Amino acid sequence: MNIRLARPKDLAGMQAGNLVNLPENYLMKFWMYHIMTWPQLSFVAENDKGHIVGYVLAKIEEESEEKGGDIHGHVNSISVLRSYRRLGLAKRLMMLSQDAMYSVYKAKYVSLHVRKSNLAAIGLYRDTLGFEVAEVEKKYYGDGEDAYVMKLVLKNQS
Amino acid sequence: MSKRGTTPNRFLPPKESSLFKELLSLYETKQLKKGLKTADQILKKYPEHGETLCMKGLVLVHMGRREEGIELVRKGIRMDLASHIVWHVFGLIQKGEKKYEEALKSYTQALRFDKENMNLLRDVAQLQTQLRLYDGLVETRYMLLRLRPTARQNWVALAVAYHLSGNLAEAKKVLVEYEKTLKNVPHYDVEHSEMLLYHVRVLEELEQHSEALALLDVSAKDRAIVDKTAIMEVRARLLSKLRSDEAEHAWKVLIEHNPECYDYYKGYLSNQGLNIDENPAEALAILREFSTQFPKANVPRRLSLSLASGEEFQALAEPYVLSALKKGIPSLFVDVKSLYTDPAKLKSFEDIAESIHKDTSPDTSVASSSVSTEPTTYLWSLYFLAQHYSYLSQYAKALEILDLALAHTPTLPELYTCRARTLKRAGDFHGASRAMEDARLLDGQDRFLNTKSAKYRMRAGLIDEASALLGLFTKKDAPSPGADLEEMQSLFYLLEEGDAHRRAGRLNLALKKYAAVQRVFDDYEDDQYDFHGYSLRKFTVNIYLNVLDWEDHLRSHPSYIKAALAASRIYVDIFDDPKLASGNVDGDVTDAEKKAKKKAKKAQKEKEDAAKKSAAAAPATSTNEDKGLDVPYKDDDPDGMKLLSTPEPLELAWKMLQPLTTLAQDNIEVLIAIYDVAIRRRKYLQAAQALARARALDSEYPDLHVRIVHARHFVSVLPEPMPAPVGPIFIETLGKILSEGVSLETYNSQFLQNHSTSAQAILAAAQTSRVLGAPLQEVEDLIFTTLRDEVRLDVKTALEISSFLKKIKSPRVNELHQALDAKFTLSTAFKTPDELAKLREWVLTTTSNSSSERTGNGAANVENEAELGKEAGKSV
């Protein structure tokens with residue numbers, strides 16, 4: 001699979017992949033807003049037909065002073081089509097995004113939300129990428145499920 | 001809305017004048033309730049004050065009282081035609097209605113009375129960009145820069161305007177001037193970095209590569225450009241264009257940075273002067289080095305498989321396949337499938353997988369096995385082989401292998417999805433749906449499997465039951481799962497359900513879904529509007545330009561093309577046979593659908609009632625809630641009956657096809673659809689052009705053959721010749737395609753002779769005979785020749801043949817179905833209605849017994865499941 005920075009032409013494929021994979025979905029304008037505001041942070045994996053089979057959509061947040069005022073990255077959405085799993089695509093997508101958060105925006109850390117029940121994803125974030133659970137957000141998801149807020153301190157990877 | 005001139009009818013005494021100023025600022029801060037009061041205060045004394053009337057109207061529209069508001073705005077304009085405010089207000093309203101051209105006219109009018117109004121100019125620039133009026137945009141941006149040269153974005157905006165208008169040289173000049181004005185650029189500033197990257201792009205597009213490289217390098221060194229990846233990519237590209245010795249290293253650095261990016265390897269190879277097709281040996285050697293350097297990277301190994309051949313290929317493919325099977329990578333087959341165009345490679349993969357399968361089989365004695373005897377490797381080799389044979393249309397063999405695999409591991413969803421796909425290909429849409437549901441039941445939390453199972457149910461005609469599945473993951477407060485998916489712009493859902501309705505003959509509902517696809521793309525197009533301002537303020541120019549380019553080609557997306565083709569075919573059928581539009585459309589609606597429709601209607605009514613209520617209550621308790629200026633979408637045709645009974649089916653068809661005339665010129669299906677609509681709309685040149693283009697793409701394409709004859713026949717039966725100049729050109733173009741001396745009957749039989757073993761061609765020849773007025777029996781006889789053993793016939797074509805027979809009202813449809821049913825032993829596509837009813841029950845009964853439904857979705861899920869069980873007539 002080809003892994004590269006997301007382009008506008010990928011947006012429809014990213015949106016479609018998200019709708020097939022995850023219960024949290026977004027309108028096109030949301031996808032556009034992210035890649036047009038932080039064009040360095042979102043990545044895709046495509047197959048040899050040029051179909052998007054995985055993506056990561058990310059942004060930068062500046063915390064208010066009382067929260068520490070740290071610039072940090074946040075992963076809005078990441079998913080890989082079931083039929084393209086076990087290739088390590090999610091890991092690579094995450095690493096590329098993290099690297100850009102750090103090198104372009106000097107992000108101190110990266111955060112994300114994950115369903116408490118999503119053991120596979122938690123495994124990837126914690127065991128493969130080194131994230132830790134920072135807090136629990138009660139009933140974060142539309143259906144009432146709790147979310148873990150996971151964080152990873154960013155360092156120069158290369 | 002700043003400066004105000006005074007003409008007699010605009011005059012307000014000091015008290016009202018200051019009230020009006022207050023009204024403007026209340027509007028700016030969207031204090032709508034207070035604004036409304038203030039406007040009324042003025043109007044009490046000066047009921048015909050145009051600007052106040054307009055402002056009141058604008059406030060009302062924001063409050064959701066659109067019609068009332070617009071009426072006031074229109075009245076206000078009439079009272080004060082020379083006010084920039086009234087035209088500005090009108091422009092805002094039109095923009096909210098997405099009438100960009102009209103809005104621009106109003107804004108232009110407003111500018112006549114207030115030439116240097118920055119707000120007006122900025123809005124005009126956005127409208128001009130949306131409408132791609134780039135020359136006008138340059139003027140507007142120039143004006144804005146002249147008025148406020150201290151605003152940094154005005155410089156970049158002018159450069160972008162020049163760029164879009166095709167004047168790169170001016171764009172460059174503006175950027176250079178702009179950079180001269182900069183003092184104290186903050187160190188490490190992302191916006192400035194983006195701006196410089198844009199400058200480099202302008203230079204690169206001007207082919208001033210050395211200058212571009214110099215700017216890039218100095219900016220990178222100063223840390224003025226902070227995007228490391230962009231620096232590396234642009235640098236490698238520029239160095240290659242400059243044929244620099246450093247280029248090779250630059251590409252290597254990129255590969256190191258991301259060894260899974262094809263573009264980097266391609267860049268490296270082409271920089272080395274290697275063309276993949278011409279020097280595979282050298283390219284392979286390089287890729288081998290990269291494989292050693294990045295042992296975990298897949299791209300160099302996969303790329304090698306494309307380049308290698310013969311023994312070398314075999315040597316590379318074996319470890320590739322084995323390692324993937326050991327790891328249990330489900331995508332191995334789709335990954336290598338594109339290599340199957342080479343029959344030798346196809347055979348290699350088959351041999352490799354068969355041999356691994358044999359070596360790992362539990363029946364094989366351990367001693368003889370050289371590879372790992374991991375039971376999972378055995379399992380994944382079976383999975384690969386099943387996909388392989390399924391792809392080669394050896395369905396029985398594929399299913400046999402899957403039975404083996406399922407006996408080994410009954411809990412792997414992929415085995416069921418493969419089974420489902422195989423059965424679908426074989427025409428057993430019901431068995432396929434059941435298998436896909438079996439897959440879903442193994443992992444009820446996986447939306448991917450959920451979506452697949454819903455899709456397969458739609459393919460089996462089980463639309464309500466598909467909807468019940470989809471509802472497990474859609475919002476519970478939505479009127480229906482479909483409504484939520486439509487709102488979330490799910491093109492997949494809209495197309496699948498549209499197609500399912502079309503196959504069931506519910507053309508109204510099909511058109512409804514295709515129209516919804518069209519609307520999604522309209523929304524995608526509108527979505528860019530705000531970014532014409534936003535992106536320039538953010539200085540993210542490069543991505544912005546790429547977005548504009550994407551927007552310009554938006555409708556070349558396969559989903560749009562599919563919807564446009566399907567809808568235009570229906571509209572053409574309706575035009576040819578208007579009875580289709582008044583037919584008994586509701587006859588096919590199931591109880592569940594009626595129920596869902598009722599529910600949706602009720603929800604819609606409740607929503608409307610609530611809106612009415614709040615609107616009625618508004619004057620008294622008027623809220624400050626801003627509903628914006630955009631017109632909310634209102635569905636006044638929930639069943640699609642208005643679409644179906646349109647008096648202008650061809651115009652609706654053309655509206656969908658029109659964007660494709662430039663975006664899909666190499667799509668023969670599109671060209672044929674354009675012909676079908678154009679010839680009926682009497683746009684003869686368009687029709688002839690479409691035929692000529694289609695013929696250049698594939699002169700023997702069966703559907704094209706029908707149209708060529710149709711066109712010639714059409715001319716010959718016209719009561720009067722086509723008038724000049726169109727007529728002679730049309731006939732000349734046709735003459736080039738098919739010379740006039742040839743009789744159409746002869747031409748058709750020649751076509752048939754040339755393609756006597758192709759079912760598609762036989763169908764086309766039969767359709768052509770029908771066009772030429774051949775008796776029904778003759779056409780039927782021809783159609784039945786597709787059943788002969790030497791004719792290549794698949795289920796898909798067989799279905800087309802069946803619908804053609806239905807269309808010409810042949811009495812032999814049942815006879816054909818019996819024959820097809822006997823021919824396609826696995827297929828359920830040609831069963832009788834009674835048999836189909838039983839099959840539908842069978843699909844649902846055995847699979848609704850589930851223990852692993854998606855959890856965590858609360859009570860709504862349970863309800864959906866119960867409904868599903870009920871609809872199937874079986875208990876859960």
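Which loop of chain B holds Arg682(B)? The one between helix H38 (668-680) and helix H39 (684-697); more on that residue below.

## Ground rules

This is a predicted model: local features need pLDDT of at least 70 and side-chain atom pairs count only at pLDDT 80 or more, while totals for chains, interfaces and linings use all residues. Residues are numbered from 1 along each chain as its sequence is written, and chains are lettered from A and ligands numbered from 1 in the order in which they are written.

Helices (H or I, at least four residues) and strands (E, at least two) are DSSP runs, numbered from the N terminus. As for pLDDT, that's the predictor's confidence in each residue, from 0 to 100. Chain A averages 93, with 97% of its residues at 70 or more. Within chain A, confidence is lowest in helix H4 (residues 119-128), at a mean of 93, and highest in E2(A), at 98.

## Chain A overall

Chain A has 4 helices and 7 strands, and from the N terminus on they run β-α-α-β-β-β-α-β-α-β-β. Its radius of gyration (taken over C-alpha atoms) is 15 Å, close to the 15 Å that the globule rule (2.2 Å times the number of residues to the power 0.38) gives for 158 residues, so chain A is as compact as a globular protein of that length. Along the principal axes, the C-alpha atoms fill a box of roughly 45 × 35 × 30 Å.

Buried residues make up 49% of the 158 residues in chain A. Here a residue is buried if 20 or more other C-beta atoms lie within 10 Å of its own, exposed if 12 or fewer, and partly exposed in between, with C-beta atoms placed from the backbone. Two residues are in contact if their C-beta atoms, again placed from the backbone, lie within 7 Å. Take the contacts in chain A with a separation of 6 or more: residues 24 or more positions apart account for 61% of them.

## Strands around E3(A)

Strand E3 (residues 52-62) of chain A is mostly covered, with 8 of its 11 residues buried. Two strands pair if DSSP finds at least two bridges between them. On one count, 4 bridges join E3(A) to strand E2 (residues 43-46), antiparallel, and Val44(A) has Tyr55(A) as its bridge partner. The hairpin of E2(A) and E3(A) has 5 residues between the strands, and Gly50(A) takes a positive phi near 85° there.

E3(A) also runs antiparallel to strand E4 (residues 71-80), joined by 9 bridges. In that pairing, Glu62(A) is partnered by Ile71(A) in E4(A).

## Strands around E7(A)

What does E7(A) pair with? Strand E5 (residues 109-115) joins it antiparallel through 7 bridges, with Val110(A) partnered by Leu152(A). Strand E6 (residues 132-137) pairs with E7(A) in the antiparallel sense over 5 bridges, and Glu132(A) stands opposite Lys151(A).

## Where the chains touch

The contact takes 45 residues from chain A and 45 residues from chain B. On the chain A side, strand E1 (2-5), helix H1 (11-21), helix H2 (28-37) and helix H3 (89-105) each supply at least two residues. By class, that side has 22 nonpolar, 12 polar and 11 charged residues. For those classes, Ala, Val, Leu, Ile, Met, Phe, Trp, Tyr, Cys and Pro count as nonpolar, Asp, Glu, Lys and Arg as charged, and the others, Gly among them, as polar.

## Chain B details

Back to Arg682(B): its phi is near 60°, a positive value in a residue other than glycine, and with 11 C-beta neighbours inside 10 Å it counts as exposed. Glu207(B) likewise has a phi near 60°. Glu207(B) sits in the loop between helix H11 (190-205) and helix H12 (209-221), and counts as exposed with 10 C-beta neighbours inside 10 Å. In the loop between helix H40 (702-716) and helix H41 (726-737) lies Pro725(B); the peptide bond to it from Ala724(B) is cis, with omega near 0°.
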